[in-house]
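Good morning, and thank you for coming.

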Amino acid sequence: MGGGFGNKNQAQDYDYMAAVLAKATNQPVKMEFTREDDYIGMHGRWSSEQKYKIGVKKDGTVTAVQLDAVTNMGAYRKQSGNLSGTDFYQVPNFKKTILPVHTNTVVAANYRAPAYPQSVFGYASFLDHIAHEMGINPVDMFMRNRIQKYKAKTPFTSNYLEQCIQEGAKEIAWAEKWHKPGALGGQKKHGIGMALGGYPFRPGLGAATIRVNPDGTAHVLVGVTDIGTGAKSTMAIIAAEALGIPLNQIQLTNGDTDVTPYSVGESGSRTTPFTGPAVIAAAEDCRRQIFAVAAPQLKVKAEELDLRDGQVFVKAEPTQRLALGRAVARAGEIIGRATTNPSFKDVEGKSFAAHFAEVEVDSITGHVKITRYVAVHDSGTIINRMPAESQIKGGVVQGIGMAFSEELIIDKLTATPINPNYRDAKVPTHLEVPDIEVFFIEHVDPYGPFGGKVVGEPPITAAVATIANAIFNATGKRIKELPITPDKILQARQG
Amino acid sequence: MKSFQNIDAKSVQQAVTLLQKFNHEKKSALVVGGGSEALQLMKDNVLTPDYVVNLKTIPGLDTIREERGGFRIGALAKLADIEDHPAIREKLLILSDAAGDAASPQIRNAGTIAGNLCQRPFCWYFRSSSFNCLRKGGQMCYTITGDGRFHAILGAGPSYIVHPSDTAPALVALGAQIKIAGPAGEKTVPIEKFFVLPSVDFKKENILNPGEIVTEIFVPAPKPSSKGFHHKVRERLAWDHAIVAVDTIVESSSGVVRDARVVMGGVAPIPWRAAKAEEFLRGKKLDDAVAKQAGEIALEGAKPLKDNIYKVKMAQDLVQRGLLASV
């Protein structure tokens, strides 16, 4: 399933059907979906069959990767069908052949980090397995083969993946907890695993308008919708910081392009990197106008002024100041606006993550319990901490669902989905989800708004492979197909 | 959902009379307790009744009474109330555990014990309006050609459903009796005689005929020298049906079995009592090897489908685990 992101970041056929019907009848048309319609008529992530051939030096360094894959795009093509999970790993020689195919199943398209978790599952499972066969500790294998300063020859804006691995390994006590796969006896077998993930960070088109009122408050207008990521409060925080007024003096209107400027849409982890810079630029536009109005009142030149905590003051003589509202009152109101469209030149942007999990596998029932989960992320500066942590947790929860139970099962004889409902396509409950421990390796990325990179999509990318590798460590049996259900664990055990 | 007429019954007698009348008039009627199951069946268009007879308006059907020798549980007692009942927790722990394993907290707060016992199958072919399966009057059980990963390995054919009730295996293990009211008056039957194999009738899961309703369950308290075990294996720890469930009650002294009950859920179209394993256990000292052998005997004759072979060993192992935990 996709939620707010995947299903709604592209026009769907029935959107057009509704429009055509409305035009034909001159009446409003409402689209209504049953849960079954939603499962069958929308889309899921593309499934894939991945075949890897990996060249490795004796010390575990990967020298070459050949990936041949088939991706199932369903009845018609909506998206690329790409597999990009190798992005977080150093692959000097890479040959990738992907064949997106049509099948008479449900259409595949965007779902949180579209081309990643299924692909990280494939590659990180394989790396983990090579480590096992070569007698290398997985943490050393992943550290050695993590992507470093450059993607090919292009440098990253920042890359703290090394620190993510170090911090996560320390937090989960990898050195003490790791053991040889399948080495522990007992009915409930302990396992520990890890994987690397992340998501591209790139700038793009954003627009914002800020109105500063004569009472010293500001009204920020942005087109972004908040699909649960905290985008609304993030934009307010950026505006408060950039303007120099307290957060509680900010009012924000978002998502209604009748009154706000345009937004490209909230997908691709691009809300903050696209619209954030526009909010900063609109705030700067306001500040220029505020200083121009305040300069004669404070009897200095505009460039000698600063604005902080809602006070316009002379930089050299901070006691010489004027409340923002009084300054603005002279102008009636001040409106700043900006449309920004920065792009990267000769740099590559990415957020990074290293995930670690401990599991307990019941050898009789095949039940897997995640006992600990540590997610360490490099997303640059964390602008809005609570929703950022929640994004990481939410991504991991979706990863848990993908790892354990979520699957649209198709009856092969009739090509009919047999579990298009919440009862049988099992989204995890609180009982499947441990307390997810989130850590950020914070730093200022030189290209992100206030040093921030992206948060939304990275967490799901590593989660599935992390859990799968932990299950391998517990059982010594590699499950190569998702979801990893009790029947597969028991069948692997029974050979 | 098809429109229906709801009738709030005032008494068991009135409910029985109404059901009999609708049956006579060839109208379809559905008896509703908590309603969670009925609503789902109607929303999925599996059942399209003309009438819904609501039993919740009958006073006194939801009481739980402890009396000499056991518990009288009203048909409308909620699963949550059975789960949390202090005396049931103390004396019928496997029943309270089984009730607590059913569905989700929300459904347990609405769902009743009789409703839990009278659930229709949760086979995905049966529940899907895309498949007119054998049990719904069609020609075939789609499990045979389709995906039967959760389906029956024992006692199946021509339909391969598993009985969905979590409380049924526990009640069979406890030797409960079920009271049924009908046009001919009241009758009480051992609960294991309540369920019907598809080889007898593949269109129903229990012996209830039109006009009959469950009114009460009597559960005898096990002997103080006995110990029970309940475990339900599932993919998801809430709101999921059993892949395999095992309920055991073993009466023993110094590890030697006097009497044992071994019942499995999730493996057969009815709660599956492993009578041969019970027989085998009598008089034996219950150690690891005996428990293992009992598990193997319990699964003798298992005929898994291509997708559920894993259930055989899972059930064997779980019976073994359950027996060892029951002494």
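This is a predicted model: local features need pLDDT of at least 70, side-chain atom pairs count only at pLDDT 80 or more; totals for chains, interfaces and linings use all residues.

The partner of Lys179(B) in a salt bridge is Glu216(B), with the closest N and O atoms 3.8 Å apart. Lys179(B) sits in strand β6 (residues 177-182) of chain B and Glu216(B) in strand β8 (residues 213-220) of chain B, so this pair ties together parts that are 37 residues apart in sequence. Is Glu216(B) buried or exposed? With 15% relative accessibility, Glu216(B) counts as buried.

A second pair in chain B joins Glu300(B) and Lys276(B), whose closest N and O atoms are 3.9 Å apart in a salt bridge. Here the loop between α11 (288-298) and α12 of chain B supplies Glu300(B), and helix α10 (residues 275-281) of chain B supplies Lys276(B), so parts 24 residues apart in sequence are tied together. Glu300(B) is partly exposed at a relative accessible area of 46%, whereas Lys276(B), at 61%, is exposed.

In chain A, the side chains of Lys30(A) and Glu32(A) form a salt bridge at 3.3 Å, N to O. Lys30(A) is exposed, with a relative accessible area of 67%, and Glu32(A) is exposed at 63%. Over all chains, the search of the whole structure finds 50 salt bridges.

Let me turn to the sheet in chain B. Four strands, in the order β9-β10-β11-β12, make up an open sheet with antiparallel pairing. At its edges are β9 (226-233) and β12 (272-273) of chain B, each of which pairs on one side only. Strands β10 (residues 244-253) and β11 (residues 256-265) of chain B are joined by nine bridges in the antiparallel sense. Within that pairing, Val250(B) has Ala260(B) in β11(B) as its bridge partner. Helix α9 (residues 167-174) of chain B packs on the sheet and touches β10, β11 and β12 of chain B, its direction making about 155 degrees with that of β11(B). Helix α5 (residues 93-101) of chain B lies across β9 and β10 of chain B and runs at about 10 degrees to β9(B).

In chain A, strand β6 (residues 188-200) is largely enclosed by the rest of the structure, because 10 of its 13 residues are buried. β6(A) pairs with β14(A) in the antiparallel sense over 13 bridges, and Lys189(A) has Val361(A) in β14(A) as its bridge partner.

Finally, the interface. How many residues does each chain bring to the contact? Chain A contributes 31 residues and chain B contributes 34 residues. About 2,800 Å² is buried between chain A and chain B, with carbon and sulfur atoms giving 58%. On the side of chain A, the residues losing the most area to chain B are Ile418(A), Arg423(A) and Lys426(A), together 24% of what that side buries. Lys426(A) also meets Glu235(B) in a side-chain salt bridge of 3.3 Å, N to O. The count of salt bridges between chain A and chain B is five, and 10 residue pairs are in polar contact across the interface.

How values were computed
Residues are numbered from 1 along each chain as its sequence is written. Chains are lettered from A and ligands numbered from 1 in the order in which they are written. Side-chain values use heavy atoms; hydrogens and water are left out. Two strands pair if DSSP finds at least two bridges between them. Helices (H or I, at least four residues) and strands (E, at least two) are DSSP runs, numbered from the N terminus. Contact means heavy atoms within 4.5 Å. Axes are lines fitted to C-alpha atoms, for helices over the stretch in contact, and angles run from 0 to 180 degrees between N-to-C directions. Buried means under 20% relative accessible area, exposed over 50%, partly exposed in between (1.4 Å probe, protein chains only). Buried area is the accessible area (1.4 Å probe) that two parts lose on being put together, summed over both. A salt bridge is a side-chain nitrogen of Lys or Arg within 4 Å of a carboxyl oxygen of Asp or Glu. A polar contact is a pair of N or O atoms within 3.5 Å; within protein, one must be able to donate a hydrogen and the other to accept it, and residues adjacent in sequence count only if both atoms are side-chain atoms.
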